[in-house]
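Hi,

Here is the structure I promised to pass on. Have a look at it first, and then read my notes below.

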Amino acid sequence: MDFGLSEEQQAIFDMAHAFGQEHIAPHARAWEVAGTIPRELWAKVAELGLGGIYVSEDYGGSGLSRLDATLVFEALAMACPSVGSFLSIHNMCGGMIDKFGSEAVKAEWLPGLCSMEKVFSYCLTEPGSGSDAAALRTRADKTNEGYNLNGTKAFISGGGYSDAYVVMCRTGEDGPKGISTVIVPNGAGGLSFGGQEDKMGWRAQPTAQVQFDDCLIPHDNLVGEEGRGFVYAMVGLDGGRLNIAASALGGAQAALDATVTYMAERKAFGKSIDQFQGLQFRLADCEVKLQSARTFLRQAAWKLDNGTADATKFCAMAKMYVTDVAFDVANQCLQLHGGYGYLADYGIEKIVRDLRVHQILEGTNEIMRVIVARGMLAGKA
């Protein structure tokens with residue numbers, strides 16, 4: 001059993017880390033204040049092949065594995081979890097289109113996605129259906145002219161900012177079997193957006209409701225088959241959960257690295273505070289938590305890449321465990337900074353705020369526990 005990264009995987013991590021430190025980290029606070037990410041960043045991201053990480057090379061993607069993707073998002077989150085996670089959502093859309101779209105749909109949408117000339121958002125959650133995603137009510141009625149959409153999506157990263165929206169909508173009966181997936185381009189008639197949400201964290205990401213009022217799109221914008229959209233959405237979330245966990249891990253690692261440096265410089269009672277055994281114990285606990293989380297995350301990614309029967313359960317476990325651990329470590333790092341940790345200049349409070357939402361999105365950690373328990377109990381009744 002090999003727990004080490006290959007030379008290629010280490011190079012992927014180093015490349016993403018270097019990019020983040022040069023092009024994202026110096027601007028993270030300013031982008032948070034502005035409440036948006038400059039569009040020109042994405043062209044630079046795409047030059048590295050990170051616009052379509054697991055999209056086939058035939059359509060301009062990099063064709064990397066889910067494990068490779070976790071390395072990318074862990075590295076980018078060490079610069080800013082908010083920016084890295086936004087890119088993760090874009091890539092989740094790309095993975096869904098590449099895996100389930102027809103050749104015509106892939107040829108139409110994936111080249112622009114991979115070049116990031118078009119930024120994509122994922123639209124599943126609604127004001128009345130969060131954890132109960134299969135209860136969504138946004139409808140897409142099939143007409144001679146195309147699909148006519150009506151409804152509202154909530155908490156959409158990139159709402160009003162992105163160029164295209166991968167939308168889960170109801171084309172048939174109630175429940176998961178009546179849900180389909182379509183692509184709605186920005187500028188479509190009947191597409192509008194709510195005001196930008198004022199959030200605790202992830203403030204660099206524009207987030208808004210996405211609204212459809214007799215929004216007409218072509219039949220050709222259907223991804224895969226009618227009635228299979230919920231399956232597509234859940235498959236997309238398996239990989240998305242790994243990436244969100246990786247982003248939390250990267251943010252927590254950046255907080256811990258900064259804390260080790262701070263403790264070596266901060267003096268109290270005649271010596272640097274890293275010399276106090278009680279504080280050393282807390283550092284050691286943080287290190288053990290992050291290293292164990294990292295190993296668990298990479299195991300789950302390996303299972304998803306290899307299509308094991310328990311991959312979904314492991315993705316849920318990894319998302320739950322890693323995001324809980326990462327938030328706890330970041331919060332401990334703030335405490336170890338004392339009053340300085342509460343100041344924006346030190347960067348720790350931003351990481352704490354950013355990582356809190358990782359325990360909620362892509363399925364709350366309570367829902368992850370439901371998925372795990374169902375996996376354990378399957379066939380036991």
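**What I found**

Helix H4 is mostly covered, with 12 of its 12 residues buried; buried means under 20% relative accessible area, exposed over 50% and partly exposed in between, with a 1.4 Å probe and protein chains only. Helices here are DSSP runs of H or I with at least four residues, strands are runs of E with at least two, and both are numbered from the N terminus.

Before going on, a word on the source: this is a predicted model, where local features need pLDDT of at least 70 and side-chain atom pairs count only at pLDDT 80 or more, while totals for chains, interfaces and linings use all residues. Residues are numbered from 1 along each chain as its sequence is written, and side-chain values use heavy atoms, with hydrogens and water left out.

Back to H4. Its buried residues include Asp68, Val72 and Phe73, and the buried residues pack against H1, H5, H7 and H8. H4 has 12 residues and reaches 16 Å from its first C-alpha to its last, close to the 16 Å expected at 1.5 Å a residue (the expected span is 1.5 Å times one less than the number of residues).

How do H4 and H8 meet? The axes of H4 (residues 66-77) and H8 (residues 277-305) come within 8 Å and cross at roughly 145 degrees. Those axes are lines fitted to C-alpha atoms, for helices over the stretch in contact, and angles run from 0 to 180 degrees between N-to-C directions. On the H4 side the contact is made by Arg66, Leu67, Thr70, Leu71 and Glu74, and on the H8 side by Arg294, Leu297, Arg298, Ala301, Leu304 and Asp305; contact means heavy atoms within 4.5 Å.

Over in H1 (residues 7-23) you'll find Gln9, which is buried with a relative accessible area of 15%. Leaving aside neighbours within four places in sequence, Gln9 is in contact with Gly4, Leu67, Asp68 and Leu71.

**Aromatic rings**

Rings of Phe, Tyr and Trp (its six-membered ring) pair if their centres lie within 6.5 Å; planes under 30 degrees apart count as stacked, over 60 as edge-to-face and the rest as tilted. By this rule there are 11 aromatic pairs. In one of them, Phe86 and Tyr161 have ring centres 5.6 Å apart and planes at 90 degrees, so the pair is edge-to-face. Phe86 is in helix H5 (residues 81-100) and Tyr161 in the loop between strand E3 (147-157) and strand E4 (164-170), so this pair ties together parts that are 75 residues apart in sequence. Both residues, Phe86 and Tyr161, are buried.

Phe100 and Tyr232, by contrast, are stacked, at 4.2 Å centre to centre with 20 degrees between the planes. Phe100 sits in H5 and Tyr232 in H7 (residues 229-265), so the pair links parts that are 132 residues apart in sequence.

Ring pairs also join Trp42, Phe86 and Tyr161 into a cluster. Arg39 lies over the face of Tyr161, 4.8 Å from the ring centre; a charge sits over a ring if NZ of Lys or CZ of Arg is within 6 Å of the ring centre and within 35 degrees of the ring normal.

**One more residue in H5**

Ile97 also lies in H5 and counts as buried at 0% relative accessibility. Leaving aside neighbours within four places in sequence, Ile97 is in contact with Val105, Lys106, Leu110, Leu113, Phe120, Val166 and Ile183.

Cheers
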